[in-house]
Amino acid sequence: MDDTDDGNTEFIPHHVGKQLARPDEVLPDTLQLIPLISRPYFPVLVQPVVVDQDPWGQGIRTVAESAHKLVAMSFSPSASKGVPRPEDICTIGCVARIHRLHESKGQLQFIAQGVRRFRIREWVKRVPPYVVRVEYFESPVEDEDQLRAYAMSIINIIKELMTLNPLYSEELKQYLNYFDPNEPSPLADFAAAITSADALELQDILETIPLLDRMEKVLLMIGKELEVAKLQAQITEQMQEQVSEQQKEFFLRQQLKVIQQELGISKDDRESDVEKFSERMEKLSAPDHVISRVDDELQKLQVLEPTSAEYGVTRNYLDWITSVPWGVLSEDQLDLDHARKVLDRDHDGLDDVKQRIIEFLAIGAYRGEIAGSILLLVGPPGVGKTSIGKSVASALGRKFFRFSLGGMRDEAEIKGHRRTYIGAMPGKMIQALKEVEVYNPVIMLDEIDKIGASYQGDPASALLEVLDPEQNSGFLDHYLDLRVDLSKVLFICTANQLDTIPSALLDRMEVIRLAGYLTEEKLLIAKHHLWKRQLGKAGIPASKLKITDAALRKVIDGYAREAGVRALEKQLGRIVRKSVVSLLEDDDQKISVGVKALEKYLGAPLFKKQQPHRGIGVVNGLAWTAMGGTTLAIEASRIHDGSRGFKQTGQLGDVMRESAHIAYSFVASRLDELQGIEHFFDDAFVHLHVPEGATPKDGPSAGITMAAALLSLAKGKRIKRDIAMTGELTLTGRVLPVGGIREKIIAARRAGMKELILPADNERDFDEMPDYLKKGLNVSFVSQFTEVADLCF
């Protein structure tokens, strides 16, 4: 539509000043109208205006050729890209006189000299080019003293603006050439026009006819402009000071560099790098092939320009290769008594695991070094796998480095990137050696069962070389492209389960199983470690907050019944936090948390004491999960006698469904031999359900349990006493061994089950368990299901 030059306001030049409109000049009441879309126009302005030939060209030419050369200009705040509609155009605007009209590339440009305010009284033509009938405003009579005061305030602010920005002084000089500073109306319009205020605010000024009101608004507006100008000047000054400081420092450094070179007391960057890397290698006992490679790279570095890309690549390579602690070994503490003390200090319970680690350390003590073995700690979350790794490092006096393999999908994380790639780095093994600064640390590979694979490679396959004692003495990192001896490193891996670990990788590791904790073990851990840790985190003295053994036992049984101790620590943390609130209210009190107060701190117990399930068709089984062992009540019920059928529910996996069908087929085919009701299954529709239907279940170990439940239903009798069982059943009635015996035994003890039925081939697993787990249990080992039936009925 139009474009006015907002940044550089022109005031009236000499040849235009002679044509200023006098107050008594008679102005026409019918005018062509041009809508403005950038900002309003004021009577004191003289600025270039650009409009499109279509649709305003013909009307502008007609005005320029007329005697008065006057055109109406009014602001359109809601104008779009099209032509503003009459209802979008403000009714109050400014009459301007056209000078120097000329055409250029489909547009008309002219100088607009503001003359006087007007109000649109009537639209004569409502399509472009617009024609309107207008009326003009008379100057109201105002209090001269107040006007003079406002004028002086405005002038003072304009003077301050002039000191901050020279452009204001030029604009003021033009204004004073053609207007009397004692005329308040032009002064107010001038002050508003030189600001960077919003267009709607300027339109408000234009529409304010009473002079005192207008000057009050202008004073506020120009005051804001002064604040903005001061802030802008301050920012500019700070920026210039900062740039000056940097330039000064740069010049001084350059001069110092030249002086040092002239005196022969300085080296350039290249010489400094070569000297630094050479000094590093002198402190190491690197193999010959490493020394040879470093010498070659140093010679290359000396002929490269420091500004070249190849220089940066070579320098980074030398930085990494000289950061590896070649031949730097820490001395092992092969004192078994010290190792026992460290393990007992850091862990309660796990006696069999600690004894297994002592045996492992004893072999190293006998040989004089610990090398060539990789340990794998397998157990549910929260049983202390990672902390045992730290304790082993502490017992040996070695540096410890841990990183998680969970979700790793790129083999370059293990073996490094090729040096030719941008941003290439060595693998985690080399990074670990650099961080610990010794060649024989303890490196823990956490969550090895959760490692992934993708199009970028298979990290599990890359670990085969790392975790093979026969191969890792010549481990090849892709970035260094050198053989690195990892045989001095003690690797300790952790996993929650073995199923997802590739068999080739599992074959290279020595497995140590950590089952869940019993209540007594959890009680000791809570007293000796968890409670003290929570008090330390909160900064509470032990004398201020105590918890009884009975309360701890209640927390373990009622709120934290998982295999590990993480949930137990969270519940103890809740008790401490709620106690802190009470201590802040009364700092002098001492709190002792007992059994009765637990519900106040933790709410109702999450778990109730497990009672063995009893009834016809109900048998208690033992199951293993990644979270530890658990008891599982399997239920069988006869739905109707209309037709033969068999249905299973409980979100069972394929293997468990197959076990259910095997149990059904076996019991149905041997019903006479097992002394069940004759022809029971011929016309019975039987439903077998495994509770907690939201939890997926799978595996063959519930075979004899499901068969016992179906036999109980077919006999119409419940089993004689509280028995829990586990074992895989074949179609011929053989009982096969299952896994997770230790976890299942712990789950049975937790549920108060004293009589257990286990497969005969699992007797060895039971015998290897510590005595405190076997104490008080009556375990029967069976190889045929008929033995199970005799024990149950």
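## Helices α3 and α5

The axes of helix α3 (residues 144–164) and helix α5 (residues 184–193) come within 10 Å of each other and cross at roughly 35°. Axes are lines fitted to C-alpha atoms, for helices over the stretch in contact, and angles run from 0 to 180 degrees between N-to-C directions. This is a predicted model, in which local features need pLDDT of at least 70 and side-chain atom pairs count only at pLDDT 80 or more, while totals for chains, interfaces and linings use all residues. Residues are numbered from 1 along each chain as its sequence is written, and side-chain values use heavy atoms, with hydrogens and water left out.

In α3, Leu147, Ala151, Ile154, Ile155 and Ile158 meet Pro184, Leu187, Phe190 and Ala191 of α5 (contact means heavy atoms within 4.5 Å). By class, this contact has 9 nonpolar, no polar and no charged residues.

## Helices α9 and α10

Helix α9 (residues 288–303) packs against helix α10 (residues 309–321) at an angle of about 150°, with the axes 10 Å apart. Therefore α9 is roughly antiparallel to α10 (the term covers angles over 145 degrees).

Among the contact residues are Val290, Val294 and Leu298 of α9, and Tyr311, Leu318 and Ile321 of α10. The contact of α9 with α10 has 8 nonpolar, 1 polar and 5 charged residues.

## Residue Ala567

Ala567 lies in helix α20 (residues 566–585). Its relative accessible area is 25%, so Ala567 is partly exposed (between buried, under 20%, and exposed, over 50%, with a 1.4 Å probe and protein chains only).

Leaving aside residues up to four places away in sequence, Ala567 touches Ala560 and Glu562. The C-alpha atoms of Ala567 and Phe110 are separated by 81 Å, and the two residues are 457 residues apart along the chain.

Notes. Helix = DSSP H or I, 4+ residues; strand = E, 2+ residues; numbered from the N terminus. Parallel < 35°, antiparallel > 145°, perpendicular 65-115°, else oblique. Nonpolar A, V, L, I, M, F, W, Y, C, P; charged D, E, K, R; others polar.
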